[in-house]
Amino acid sequence: MKKLTKQACMSCDAEFLGHEPDLCCSGSDCGCKGLAIEPPLCEKCEAKLYGSDLSEVKA
Ligand SMILES: [Zn+2]
Ligand SMILES: [Zn+2]
């Protein structure tokens, strides 16, 4: 199960509470050093980036 953790948005540096990111691996054998597969993004930036509809947002 994933838990919510405090994260810093990659795009705007805002702190937000999000699901723990999926990590590529434990980082010991891989060049990724255990980084997340997807960068952490706050709701705003995620909506901007992926263009998902936020019901509250009006065009
Ligand atoms: Zn952001
Ligand atoms: Zn890896």
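Predicted model: local features only at pLDDT ≥ 70, side-chain atom pairs only at ≥ 80, totals over all residues.

Visitor: Is Leu-41 buried or exposed?

Guide: A residue counts as buried if 20 or more other C-beta atoms lie within 10 Å of its own. Leu-41 is buried because 20 other C-beta atoms lie within 10 Å, in a protein chain of 59 residues of which 3% count as buried.

Visitor: Which residues is Leu-41 in contact with, leaving aside its neighbours within four places in sequence?

Guide: With those neighbours left aside, Leu-41 is in contact with Cys-9, Met-10 and Ser-11, and also with Glu-46 and Leu-49. As for separation along the chain, Leu-41 and Phe-16 are 25 residues apart in sequence, while their C-alpha atoms are 8.4 Å apart in space.

Visitor: How do strands E1 and E2 pair?

Guide: Strand E1 (residues 4-8) and strand E2 pair in the antiparallel sense over five bridges, and Leu-4 stands opposite His-19 in E2. The two strands form a hairpin with six residues between them, and Asp-13 in the turn has a positive phi of about 70°.

Visitor: Why does strand E2 lie largely in the open?

Guide: In a regular strand, side chains alternate between the two faces of the sheet. Strand E2 (residues 15-19) has five residues and the number buried is zero, so E2 lies largely in the open.

Visitor: In what order do the elements run?

Guide: From the N terminus on, the order in the protein chain is β-β-α, with two strands and one helix.

How values were computed: Residues numbered from 1 in each chain as written. Chains lettered and ligands numbered in written order. Helix = DSSP H or I, 4+ residues; strand = E, 2+ residues; numbered from the N terminus. Buried ≥ 20, exposed ≤ 12 C-beta atoms within 10 Å, placed from the backbone. Pairing = 2+ DSSP bridges. Contact = placed C-beta atoms within 7 Å.
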